[in-house]
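I set out to record what I looked up in this structure, entry by entry. The entries follow in the order in which I made them.

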Amino acid sequence: MGGSFVIIIAAAVVFIFVLLIGLFKRYKRCPSDRILVVYGKVGGGGIEGRSAKCIHGGAAFIWPIIQDFEFLELTPISIEVNLTNALSRQNIRVDVPSRFTVGISTEQGVMNNAAERLLGLTQQDIHDLAKDIIFGQLRLVVATMDIEEINSSRDKFLENVASNLEAELKKIGLKLINVNVTDIKDESGYIEALGKEAAAKAINDARQSVAEKTRDGSIGEAVAVQDQRVKVADANAMAVEGENLAKIKVAQSDALRIEKEAEALKISTAAEKVQSAQALEEAYAAEREAEAARATRDKASQTADIVVPAQIDKERVEIAAEAEAERIRRKAKGEADAILFKAQAEAQGLLEVLTKQAQGLDQIVQAAGGTANDAAMLLITDKLPELVRLQSEAIQNIKIDKVTVWEGGGQGDNQTSTANFISGLYKSVPPLQDMFNMAGMELPEFLKGKTPEELKQIAESLEKAKDKPE
């Protein structure tokens, strides 16, 4: 179904396209050298209906079937007419060889006549038809005029021919373009005799005129000689007088010239000096402007050489100082941030340590039954071995290279001097009670008065108790 619809659409498009092409071909344009004649049904009807429509220099659409068209050529047609034995008004037969140029008219009504009577004819047919009409009208015009009028008044003859012939040519759609009559002859020799008479009369008139002119020439020559001599004398006198007057005028002119030259020299000298002064003034002004321009240029050059580099150095120093200050600010800010972060970290760490210690002490106090003394006993008991070790090591690193004894080896307490010396060293170690007192703490009662040896034994027993399995 869809394929059939597409085929129908394509066929319709092709049909419309072909129809448009056909319609476009029916639109005819008329060239300037032709007349387009549209015939068929061209509008109107009955007695007043037109048989054709003529178009010159335009275009028209030719309806198919009901209309058709043809062209009429506007090319001029030259027709040679050798009229012979035509009777004039004086019944004298004359020959009038001539050439006529006709063509189809472009006037609206005359074009319709041409469409009705010349459409379909060839150029030769139109030539022959026009020639017959011209022959008849030319004979008619000759018959209404005398030979003298035909021979002497060619303009009047041509005007009569054109007026009579043009009306007849319009009836078939033609118009007269040009008429050219070459020569007119008659069989009786009347025109030739008229020519001879005119020629003889012209010759006699010419001879009389020559004689008269010769006579007038002789008289005129004598008068001319007389006039010549008088006028020559007068001319000589006038020439001398003219020479004298000319010399006077020349002298006056020379004096005037010298005066004018002196005045002109004075004016030119003054003008030259004025121009020189103005030139010097303009030169000085130009030099002042040049010096001012040079000073401005030198100032600008020195400014560019000294001020600009100094300003550039100043800006560079300012930029470097600002950069250094910014670097120091950033470095100080970084160090301050680092110190702050370090202090915060140390404080956080100390807080954590103290928090843990507080939590541990809280747990120890809770383990001791909530009694602070018992908790202190637990802590001291736990650190007692370390305290004893520190007391024992107080004199451990003392180097004794040599011991000199000056007294005897026996003492009242049955001890040697060396033993007393060592015992004195242990006694020099501060007791545990003094160490707690210096720390601002109270030593538990069961540890008070204990010697280092006793404390050591207690610590060893605590260590053993800790090492025993539960």
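This is a predicted model: local features need pLDDT of at least 70, side-chain atom pairs count only at pLDDT 80 or more; totals for chains, interfaces and linings use all residues.

**Entry 1: Gln137.** I placed Gln137 in helix H3, which covers residues 123-143. I then listed its contacts, setting aside neighbours within four places in sequence: Gln137 is in contact with Asn164, Leu165 and Glu168.

**Entry 2: Cysteines.** I looked for disulfides and recorded 0 in the structure. A disulfide is a covalent bond between the sulfur atoms of two cysteines. I examined Cys30, for which the closest cysteine sulfur is that of Cys54, at 9.6 Å. A pair must lie within 2.5 Å to count, so this separation is too far for a bond. Starting from Cys54, I found Cys30 as the closest cysteine sulfur, again at 9.6 Å. I noted Cys30 as buried at 9% relative accessibility, and Cys54 as buried at 6%.

**Entry 3: Nonpolar cores.** I asked which residues touch the most other members of the largest nonpolar core. They are Phe100 and Phe157, in a core of 41 residues. Helix H3 gives this core its largest share, 7 residues. I recorded a separate core of 7 residues as well, including Val42, Ile55, Ala60 and Ile62.

**Entry 4: Phe157.** I listed what Phe157 touches, leaving out residues up to four places away in sequence. The list holds Val96, Leu138, Val141, Val142, Met145, Ile150 and Val181.

Technical notes. Residues are numbered from 1 along each chain as its sequence is written. Side-chain values use heavy atoms; hydrogens and water are left out. Helices (H or I, at least four residues) and strands (E, at least two) are DSSP runs, numbered from the N terminus. Contact means heavy atoms within 4.5 Å. Buried means under 20% relative accessible area, exposed over 50%, partly exposed in between (1.4 Å probe, protein chains only). A nonpolar core is a set of buried Ala, Val, Leu, Ile, Met, Phe, Trp, Tyr and Cys residues joined through side-chain atoms within 4.5 Å.
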